[in-house]
Amino acid sequence: VLSENTAEVVGVAEYFGGIEPPIDFCGTEVVIPSEISHDGQTYTIVGIGSYAFYDRQELRSVEIPGTVQYVGARAFDFCLKLKTIKLPDGVNRIGKMAFRSCVELTTVELGSGLTGLYYDAFDDCRGLATLVCHAPTPPEILVDVPNPSFLWNCPINEIKVPAESVEAYKTAYLWNELSDRIVAL
């Protein structure tokens, strides 16, 4: 619970007071609801907290509602079998290493509201061939180290962006490293 009417998804270890439960409560497919009710109070899900799905190696798919505004640091890090991810338009921030080492991830689709993502959000996604970004303004690549490498160890073939924004992406900080792969949607 974040406020009197908002909440974020947290990891099972956090829910169980730091003790990892003996079974995987996540499963292979997850549908995050847009709201939950507890003790007569309804909470809108506005975020996916840091480490929420960390190391859920069997997770294959996740459905994220339009109410979500951010994905926390390492939220899906090491989800080895996650294949695709589609973030709704309301997501405006993707945290450090949020999807790092999702080695079977092939396609990522970012909504039109993403305004900032960490340079290492998709590091070591060895199958990531296509990144689709609907934001008309290139999202800011957030860095906290000197000489960052955006999309490190990702075999990106195409970065699809709105046609009117191709040149803006090709010249934006760190997006410009992949300018030869930026194409119109």
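**Ground rules.** I am reading a predicted model, where local features need pLDDT of at least 70, side-chain atom pairs count only at pLDDT 80 or more, and totals for chains, interfaces and linings use all residues. Residues are numbered from 1 along each chain as its sequence is written, and side-chain values use heavy atoms, with hydrogens and water left out.

**Core.** I started with the largest nonpolar core, which has 52 residues. Such a core is a set of buried Ala, Val, Leu, Ile, Met, Phe, Trp, Tyr and Cys residues joined through side-chain atoms within 4.5 Å. Buried is under 20% relative accessible area, exposed is over 50%, and partly exposed is in between (1.4 Å probe, protein chains only). Phe76, Ile94, Phe99 and Phe122 have the most contacts inside this core. I then looked up which strand gives the most to it: strand 4, with 3 residues. Helices (H or I, at least four residues) and strands (E, at least two) are DSSP runs, numbered from the N terminus.

Strand 3 (residues 35-38) pairs with it in the antiparallel sense over 4 bridges; pairing needs at least two DSSP bridges between the strands. I found Ile36 bridged to Tyr43 in strand 4. The two strands form a hairpin with 2 residues between them, and Asp39 in the turn has a positive phi of about 50°.

Ser101 is not a glycine, yet its phi is positive, near 60°. I found Ser101 in the loop between strand 8 (93-94) and strand 9, buried at 9% relative accessibility. Asn153 also has a positive phi, of about 60°, but this residue is partly exposed, at 38%.

**Salt bridges.** I count a side-chain nitrogen of Lys or Arg within 4 Å of a carboxyl oxygen of Asp or Glu, and the structure holds 9 of these bridges. Glu58 and Lys81 have their closest N and O atoms 3.4 Å apart. That pair links distant parts of the chain, 23 residues apart.

Lys96 bridges to Asp120, with the closest N and O atoms 2.9 Å apart. Is Asp120 buried or exposed? Asp120 is buried at 4%, while Lys96 is partly exposed at 21%. Last entry: Arg74, Asp77 and Arg100 are linked in a network of salt bridges.
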